[in-house]
Amino acid sequence: MIEENPGHSAWYIERFRTMAAEGRDLDGEARLVDAMVPRGARILDAGCGPGRVGGRLAALGHRVVGVDIDPELIAAAEGDHPDAVWLVRDLAVLDLASEGISEPFDAIISAGNVMTFLDPATRRMVLKQLAAHLGPDGRLVVGFGADRGYEFDDFFADADFAGLRDELRLSSWDLRPFDSASTFLIAVLATR
């Protein structure tokens with residue numbers, strides 16, 4: 001994305017800052033995850049962008065680590081949401097334990113179509129790495145839209161390959177049911 005459009009990161013940062021300034025509701029993802037975990041949970045924001053979701057979760061008292069491959073987005077997250085840990089990392093080779101962040105996560109959130117921005121050859125690796133960072137009762141929440149080059153059935157096959165089981169499928173962050181006509185998927189997954 002950055003190679004194709006070098007100004008994309010700055011545009012993306014300003015887009016969400018503008019929506020926040022307009023009073024738009026940008027917390028649906030964080031509300032869902034917050035309801036799934038105990039107070040003070042350890043949460044990984046995978047593909048965190050400028051920290052909108054992880055920042056809100058940190059403001060609610062959770063211990064958040066956010067990772068994104070884009071240093072410009074991480075710099076924005078650090079500036080806008082200083083109560084979390086923000087790291088420039090590639091999800092396909094993520095190994096936080098090797099960096100001293102060894103406690104597993106109660107939840108991992110990957111919102112904002114992150115899975116569709118990945119190189120298709122790395123999708124299974126990313127899901128395996130995320131699964132490896134989950135605690136025994138932890139859950140991975142992934143959200144992305146249809147018609148973005150990653151069919152929902154292919155995603156579930158990749159999740160199964162990565163050792164993840166399907167716990168819940170929704171079509172929106174406000175808990176609408178998922179069905180064959182859904183154009184958006186929120187998948188709640190856990191390790192097998």
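So, helix H1, residues 8-21: with five residues, H1 gives the most to the lining of the second largest pocket. Keep in mind that this is a predicted model. How many residues line that pocket in total? There are 14, and those that lie nearest the pocket's centre are Tyr-12, Arg-15, Phe-16, Gly-112 and Asn-113. The space inside comes to about 260 Å³. If you sort the lining by class, you get seven nonpolar residues, four charged ones and three polar ones.

Asn-113 is in the loop between S4 and H5. Its phi is near 65°, which is a positive value in a residue other than glycine. Is Asn-113 buried or exposed? Its relative accessibility is 13%, and buried is anything under 20%, so Asn-113 counts as buried.

Now compare that with another loop residue. Asp-147 sits in the loop between S5 and H7. Asp-147 also has a positive phi in a residue other than glycine, near 60°. But here the relative accessibility is 78%, and the cut-off for exposed is over 50%, so Asp-147 counts as exposed.

Okay, on to the strands. Strand S4 covers residues 105-110, and it's mostly covered up: five of its six residues are buried. Who are its partners? S4 pairs with strand S1, residues 42-46, in the parallel sense, over three bridges. S4 also pairs with strand S5, residues 134-145, again in the parallel sense, and there you get five bridges.

Leu-44 stands opposite Ile-108, and over in S5 the bridge partner of Ile-108 is Leu-140. How accessible is Ile-108? Its relative accessibility is 0%, so Ile-108 counts as buried. Leaving out residues up to four places away in sequence, Ile-108 touches Leu-44, Ala-46, Leu-130, His-133, Leu-134, Arg-139, Leu-140 and Val-141. For a sense of distance, take Arg-39: Ile-108 and Arg-39 are 69 residues apart in sequence and 15 Å apart in space, C-alpha to C-alpha.

Next up, helix H7, residues 152-161. Which of its residues are buried? They are Phe-152, Phe-155, Phe-156, Asp-158 and Ala-159. These cover an arc of only 160° around the axis, so they end up on the same side of H7. And what do they pack against? The buried residues of H7 pack against helices H5 (114-117) and H6 (123-132), plus strands S5, S6 (164-170) and S7 (184-191). After H7 comes Gly-163, with a positive phi near 85°.

Methods
Residues numbered from 1 in each chain as written. Predicted model: local features only at pLDDT ≥ 70, side-chain atom pairs only at ≥ 80, totals over all residues. Heavy atoms only, no water. 1 Å grid on protein atoms, 1.4 Å probe; cavity = no way out; pocket = protein on both sides within 12 Å on 5 of 7 lines; lining within 4 Å. Points joined across faces, edges and corners; volume = space filled by probe spheres on them. Helix = DSSP H or I, 4+ residues; strand = E, 2+ residues; numbered from the N terminus. Nonpolar A, V, L, I, M, F, W, Y, C, P; charged D, E, K, R; others polar. Buried < 20%, exposed > 50% of the residue type's maximum accessible area, 1.4 Å probe, protein only. Pairing = 2+ DSSP bridges. Arc of directions from axis to C-beta. Contact = heavy atoms within 4.5 Å.
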